[in-house]
Amino acid sequence: MSLLESRHISCPYCGELIELVIDCSISEQNYVEDCFVCCRPIEIGVCVDSSGEIQIIARDGNEV
Ligand SMILES: [Zn+2]
């Protein structure tokens with residue numbers, strides 16, 4: 001089992017596909033990644049469950 005998995009999300013602003021590298025040894029993480037196309041901040045939440053299933057939520061970081 002590999003600890004690093006790559007996944008694609010689409011930017012909530014411009015829709016561009018962005019590659020994320022997920023560290024599966026961390027079950028829950030939240031961070032902000034700037035879109036490399038439109039440079040706006042994307043709030044990323046990653047959950048890895050005990051079977052190794054990865055769930056990614058990408059949100060508009062400017063939303064209040
Ligand atoms: Zn974008």
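A residue counts as buried if 20 or more other C-beta atoms lie within 10 Å of its own, with C-beta atoms placed from the backbone. By that criterion, buried residues make up 3% of the 64 residues in this protein. The model is predicted, and the values that follow are computed from it.

The C-alpha trace spans about 35 × 25 × 15 Å along its principal axes. As for secondary structure, the protein has 5 strands and 0 helices, so that reading from the N terminus gives the order β-β-β-β-β. Of the contacts with a separation of 6 or more, 31% are between residues 24 or more positions apart.

Strands of a sheet pair through backbone hydrogen bonds, in either a parallel or an antiparallel manner. In this model, 3 strands form an open sheet in the order 3-4-5, and the pairing is antiparallel. Strand 3, residues 28-34, and strand 5, residues 54-60, are the edge strands, each pairing on one side only. From one strand to the next, the twist averages 20°.

The pairing of strand 3 with strand 4 can be followed in more detail. Strand 4 covers residues 41-48 and runs antiparallel to strand 3, to which 7 bridges join it. Which residue of strand 4 is the bridge partner of Glu33? The partner is Ile42.

Note on methods: Residues are numbered from 1 along each chain as its sequence is written. This is a predicted model: local features need pLDDT of at least 70, side-chain atom pairs count only at pLDDT 80 or more; totals for chains, interfaces and linings use all residues. Two strands pair if DSSP finds at least two bridges between them. Helices (H or I, at least four residues) and strands (E, at least two) are DSSP runs, numbered from the N terminus. Axes are lines fitted to C-alpha atoms, for helices over the stretch in contact, and angles run from 0 to 180 degrees between N-to-C directions. A residue is buried if 20 or more other C-beta atoms lie within 10 Å of its own, exposed if 12 or fewer, and partly exposed in between; C-beta atoms are placed from the backbone. Two residues are in contact if their C-beta atoms, placed from the backbone, lie within 7 Å.
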